[in-house]
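Subject: A structure for you to look at

Hi,

Here is the structure I promised to pass on. Please open it first, and then read on for what turned up in it.

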Amino acid sequence: MRSLFKVWQQVVVLLAVVLLCVGCSNTPSISNNPWKVITVPTESNLQDIAFSDDNHGWLVGSKATILETTDGGETWQPRTLDLGEQNYLFSSISFAGQEGWIVGEPSLLLHTTDGGKSWEQIPLSEKLPGNPNTIVALGSHAAEMTTDVGAIYRTTDSGKTWKAMVQEAVGVVRNIARAPDGRYLAVSAKGNFYSTWEPGKDAWEGHNRNSSRRVQNMGFAPDGRLWMLARGGQVQFTKADNPDEWEEAQYPEFSTSWGLLDLAYRTPDEIWIAGGSGNLLCSFDGGKTWQKDRDVEGVPSNLYKIVFLTPEKGFIIGQRGILLKYQDSSATA
């Protein structure tokens, strides 16, 4: 009996090895890597990037890190703001022309009207629910700010006063995204549900996740559909003809053990997904098929934010001062 048990043990081990080998990544490689590693003079965790014009841009992150570029993102120089002894986390930055905003925690709001030459710290109410989390510049004197518990506020007078857009916060959120038309998506901190809000509504609308996998991140496609990244490398999109229904889940790299952390569209058909341990995937057909950029696998960082400011200007942000810049607008499928 004992010998039979050992035989079965060996069979189970062999099956596991076979399944592991079968599951080894067979995702095809892209023929051209369009991403260049940019040297950034910091090891802080970068959080966001924004530009006031084609060449003048800003990076923000932990430890009150703020970096400036005047050559389109090729080189970056550290800048120091007089904010006292507090060690702030700058979480979001946004510009509309020369007017820009930075938010962070603990409860911080900065405003510039001269392209970042000078920054004014704007007081926030002690009753503000949560810490400022994201900021979007909407034009002259106007911006929209969210907090890490899903409160949404708008100002039209350079931050002197703020109007609450929702009556109640949604609860602690993992991440929050805004569509160009003003709609919002928020993923709960545990990833077990997500919420939506649209202008004119008094409150968030909650939605259960549509699988057993916890939601990692969500956002809006250029055509208004939703995309979702879930644990275990799952990608899903809502249907084009019915935004309330989800298409079948995809696994661009089924065997991956690294989480997928962010998704961004360069064009309506070209989609990039970034993840842990330098994992970078791309689809050139709107998400039907996927390829892998293996040239960046050696980047020693989790890649957790992708930003395309235009189809020709894009950046990927990672841990410990890692920054990738898109440099080839004719990537070959």
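First, a definition for the rings: those of Phe, Tyr and Trp (its six-membered ring) pair if their centres lie within 6.5 Å, and planes under 30 degrees apart count as stacked, over 60 as edge-to-face and the rest as tilted.

Two notes on the source. This is a predicted model, in which local features need pLDDT of at least 70 and side-chain atom pairs count only at pLDDT 80 or more, while totals for chains, interfaces and linings use all residues. Residues are numbered from 1 along each chain as its sequence is written, and side-chain values use heavy atoms, with hydrogens and water left out.

**Overall**

The protein has 27 strands and 1 helix; both are DSSP runs numbered from the N terminus (helices: H or I, at least four residues; strands: E, at least two). Of its 333 residues, 49% count as buried, where buried means under 20% relative accessible area, exposed over 50% and partly exposed in between (1.4 Å probe, protein chains only). Taking contacts (heavy atoms within 4.5 Å) with a separation of 6 or more, 43% are between residues 24 or more positions apart.

**Aromatic pairs**

The whole structure holds 11 aromatic pairs. One of them is Trp35 with Trp272, an edge-to-face pair at 5.5 Å centre to centre with 85° between the planes. Trp35 belongs to strand 1 (residues 35-38) and Trp272 to strand 22 (residues 271-275), so this pair ties together parts that are 237 residues apart in sequence. Trp35 and Trp272 are both buried. Phe51 and Phe315 are stacked, because their ring centres are 5.7 Å apart and their planes are at 20°. With Phe51 in strand 2 (residues 46-51) and Phe315 in strand 26 (residues 313-318), the pair ties together parts that are 264 residues apart in sequence. Ring pairs also link Trp35, Trp272, Phe308 and Tyr326 into a cluster.

**Two polar side chains**

Which residue does the side chain of Gln216 make a polar contact with? The partner is the side chain of Arg231, at 3.0 Å. (A polar contact is a pair of N or O atoms within 3.5 Å; within protein, one must be able to donate a hydrogen and the other to accept it, and residues adjacent in sequence count only if both atoms are side-chain atoms.) Gln216 sits in strand 18 (residues 215-220) and counts as buried because its relative accessibility is 17%. Apart from neighbours within four places in sequence, Gln216 is in contact with Arg174, Asn175, Leu229, Ala230, Arg231, Leu260 and Leu261.

Glu253 is in the loop between strand 20 (234-237) and strand 21 (260-265), and at 7% relative accessibility Glu253 counts as buried. Its side chain is joined to that of Lys292 by a polar contact of 3.2 Å. Glu253 and Trp290 are 37 residues apart in sequence, with 8.1 Å between them in space, C-alpha to C-alpha.

**Cavity and pocket**

On a 1 Å grid over the protein atoms alone, a cavity is a set of points where a 1.4 Å probe fits but cannot get out, and a pocket is an open set with protein on both sides within 12 Å along at least five of seven lines; lining residues have an atom within 4 Å of a point. Grid points are joined across faces, edges and corners, and a volume is the space filled by probe spheres set on the points.

The second largest pocket has a volume of about 440 Å³. Of the 21 residues lining this pocket, Thr196, Glu198, His207, Leu226 and Asp244 are the closest to its centre. Strand 16 (193-197) and strand 17 (205-208) are the elements that each give two or more residues to the lining.

There is 1 cavity of 30 Å³ or more, and the largest cavity has a volume of about 30 Å³. Its lining includes Val170, Ala186, Phe193 and Tyr194.

Best wishes
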